[in-house]
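Open the structure in your viewer and follow the stops below. Each stop says what to select and what is there.

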Amino acid sequence: MIKNSFKIAWRSLKKQPFFTFINIFGLSVGMAGALLISLYIFDELSFNRSFKDANRIHRANVDIKFGGQAQEFGVLVAPFAETVKRDFKVVEDATRFRSFGSVLVRRTQTNENQKEVNSTYADPNFLDFFGLNLLEGNSKTALKEPNTVVISESTAKKHFGKSSPIGQSILIDNNETFRITGVIADLPKNSFLKEYSIFLSMEGYAESKEANWGSNNFSTFLKLIPNANATDLQKPLQILFEKYMIPYAQSFMPGVTRQSFESSGNYIRYSTIPLLDLHLAGNRVAEMNPNGNKQTIYILSFIALFLLVLAVVNFMNLSTAQSLKRAKEVGIRKTLGSNKSALVRQFLTESSLLTFISLFFSLLLAFMLIPFFNQLSGKTISLPFFNPIFWLVLLGATLFLGFVSGSYPSFFLSRFVPVEVLKGNNKSKVGGGKIRNTLVIFQFAISVFLIISTLVVFQQLKFIQNKDLGYKKDQILIIDDVYAAGNKLESFKREVSELPKVESTSLSSYLPTPSNRSDNSFEFVGSEPKKTIQMQNWRVDHDYSETLDMKIIAGRDFDKSFATDSTAIILNETAVGILGLKPDEVIGEKITTVVDNGIKPVYTIIGVVKNFHYSSFKDEIGALSLRIGSNSNRLIVKLNSGDFKQSLSQIEKKWSEVAPGQPFNHYFMDDSFNNTFEVEQKLGRIFMTFTVLSLLIACLGLFGLAAFNAQMRTKEIGIRKVMGASVRQITYRLTKDFLKLVGIAIIIALPVGWFVMNKWLEDFSFRIDIPLWIYALSTFSAILISILTVSYQSIKAALVNPIKSLKTE
């Protein structure tokens with residue numbers, strides 16, 4: 001019986017190759033797109049699951065509002081880990097990281113450094129805490145002593161080749177020597193530690209031992225006892241503020257109490273987030289790695305579903321459209337004794353066979369496209385051919401898809417009345433016109449929505465790229481790790497400044513694009529009541545504002561001729577606004593840091609710099625200050641327009657003279673800026689790609705329906721031509737019905753697109769207002785595409801000689 005059903009199904013598919021091709025192509029494209037998106041989503045959802053006891057591990061957070069600034073931190077104070085472990089029985093263990101960023105590494109026997117992108121101090125227990133085994137060394141003792149280090153396998157090979165690095169010494173940043181006590185396998189790409197290759201012992205890091213409750217720098221992870229509920233920990237954590245933070249704050253804010261602190265609108269609130277949720281929900285200040293976004297997962301899930309739905313709708317539409325051709329087949333089968341369930345089973349067999357053929361081509365298509373998709377998404381995913389679960393899920397999904405796509409056509413066809421269809425009296429009832437029209441509307445509504453979404457995403461990206469940032473990012477070269485030049489750094493800066501194509505230079509670790517950040521509390525001297533402000537505190541040199549074309553809107557810039565500028569400070573507009581003053585009014589006023597290693601230096605405000613963007617466009621521009629300092633990891637070089645290659649070559653030559661054996665690490669600021677909205681760029685590329693695919697699938701279905709429509713109206717067209725109708729009139733008549741459906745789809749899609757994309761834009765503090773031309777272009781595109789799709793079949797039918805279509809009458 002089953003064999004016979006498959007034979008009949010195969011013959012039926014062969015009998016109508018055009019419609020079979022359209023269905024297989026549409027399903028293959030839809031399934032391939034959905035498969036690639038599913039692999040991406042699975043990778044995103046699998047982050048951090050490889051760690052031991054991952055379901056019991058939580059990362060501690062703190063939300064702080066102080067001095068007019070509200071921020072959500074993913075780092076906490078040094079004593080927090082030991083305190084919660086001691087004070088809360090529900091906490092089984094705790095461990096900390098202190099991210100250190102990129103470092104220069106070299107063996108003590110050599111003079112040549114190599115750069116490691118991410119390094120961190122780590123508590124000695126972190127290996128056992130996360131269940132990480134060492135390839136070499138003892139995980140329990142590897143980081144017990146100061147100045148010991150665990151390195152990744154790839155780092156070990158880079159620096160030591162095939163020889164064992166255990167017991168060898170490396171020099172970090174030409175400054176401190178560490179002994180290698182362990183080698184760890186490269187960490188999974190789907191973990192928060194994926195970019196880290198250097199783990200320095202926390203035992204030798206002085207700040208980690210301080211009882212400082214005012215400086216949040218440590219990523220802190222808690223492991224709860226089995227069966228503990230993290231929700232029950234959230235309220236007790238708030239006790240820490242009054243028990244430890246307030247007594248600490250009283251040392252520099254005499255008389256402060258919890259009540260007085262909170263009555264001013266300030267707060268400090270502790271919380272935790274599950275490790276398994278960290279990648280998609282942990283977008284806070286000072287994350288150890290850039291995280292994903294739940295919204296992106298939701299969007300991609302809908303796109304995958306849309307692709308499958310579009311392909312299924314095509315199958316349903318074309319199957320019901322051909323019902324007239326198969327009506328007599330159904331009538332004969334019923335007359336010969338077939339019951340409804342047998343007919344349903346036969347039609348479901350056809351849809352399942354078609355779906356499994358499509359599965360083969362979709363896998364082939366996905367395999368071919370996966371390199372492009374990885375480039376598009378920034379992933380390194382692959383098809384897990386050797387994973388049995390993958391095949392079980394794929395086969396189950398294919399069976400379900402076959403059932404869904406074939407269910408309506410099979411039940412629709414099996415209900416025909418034999419007497420009616422064999423007499424030819426059922427023509428008006430077959431074909432499922434209303435349902436088919438509804439499905440066409442649904443298809444094009446999805447496609448128009450995706451067109452709107454793609455245009456909005458790209459317009460927002462264009463807005464970000466073209467917005468006045470408050471600084472110059474073009475033709476700005478950043479030379480990284482210049483501290484390797486030692487006491488020749490100022491000489492290097494001077495020599496670079498003298499090059500013909502160099503306009504100006506500046507030394508600082510702080511850039512508006514991703515770089516160092518330093519957040520401090522300041523107090524306005526002499527104000528009653530006392531005014532406090534939390535703001536970024538950047539150490540720069542005298543040429544910083546000039547090199548980056550930042551505008552001083554009040555007062556003056558730093559000047560080497562003023563010896564007092566060592567205690568001068570420049571504020572941005574946001575900081576001045578929080579103090580409740582105008583830019584001109586703040587000049588000459590004094591502020592002091594609330595705490596700075598127990599000392600309270602006083603700074604004189606000499607200028608106000610125009611607000612410039614130094615974080616995501618999703619955030620408002622925060623308060624910021626600039627002061628003269630010596631923290632100089634980077635040389636900022638403003639180049640004149642011209643041959644950048646020549647300038648780079650000249651600068652590199654100067655570098656090799658002052659820092660022989662040190663790597664020349666450099667990049668352009670505009671590239672770094674573009675990386676800050678990489679997530680949105682990926683989303684835009686994905687939207688564009690799958691919008692094209694959805695339009696392709698929808699147009700295939702429309703093309704097939706237009707062909708069937710023209711075929712069913714052959715005699716009508718012949719009679720109209722005999723009666724004098726022109727090709728244009730016939731083409732218009734055949735096309736207008738489809739255009740009505742597309743018009744309804746547009747009416748549905750426009751408000752949905754407006755609502756959804758405005759919701760997406762709400763995440764941005766700086767955003768576009770969706771222009772009307774986006775809706776107009778989406779409408780025009782949908783109409784044009786549908787006309788081009790349908791008109792070919794309409795014109796083809798209109799050009800047929802009426803003698804051929806009427807010769808049997």
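**Start in the core**

Select Ile 303: leaving out residues up to four places away in sequence, it touches Ile 37, Leu 450, Phe 687 and Phe 690. Contact here means heavy atoms within 4.5 Å. Ile 303, Trp 538 and Trp 760 touch the most other members of the largest nonpolar core, which has 110 residues. Such a core is a set of buried Ala, Val, Leu, Ile, Met, Phe, Trp, Tyr and Cys residues joined through side-chain atoms within 4.5 Å. Buried means under 20% relative accessible area, exposed over 50%, and partly exposed in between (1.4 Å probe, protein chains only).

This is a predicted model: local features need pLDDT of at least 70, side-chain atom pairs count only at pLDDT 80 or more, and totals for chains, interfaces and linings use all residues. Residues are numbered from 1 along each chain as its sequence is written, and side-chain values use heavy atoms, without hydrogens and water.

**Next, helix 7**

Select residues 239-249, which form helix 7. Helices are DSSP runs (H or I, at least four residues) and strands likewise (E, at least two), numbered from the N terminus. Buried here are Leu 240, Phe 241, Tyr 244, Met 245, Ile 246, Tyr 248 and Ala 249. Their cover includes helix 3 (80-87), helix 6 (231-237), helix 8 (258-263) and strand 11 (267-274).

**Last, confidence**

Colour by pLDDT, the predictor's confidence in each residue, from 0 to 100. The protein chain averages 86, and 89% of the residues score at least 70. Now select residues 427-432, where the pLDDT is below 50. Where pLDDT is low, the predicted coordinates should not be read in detail.
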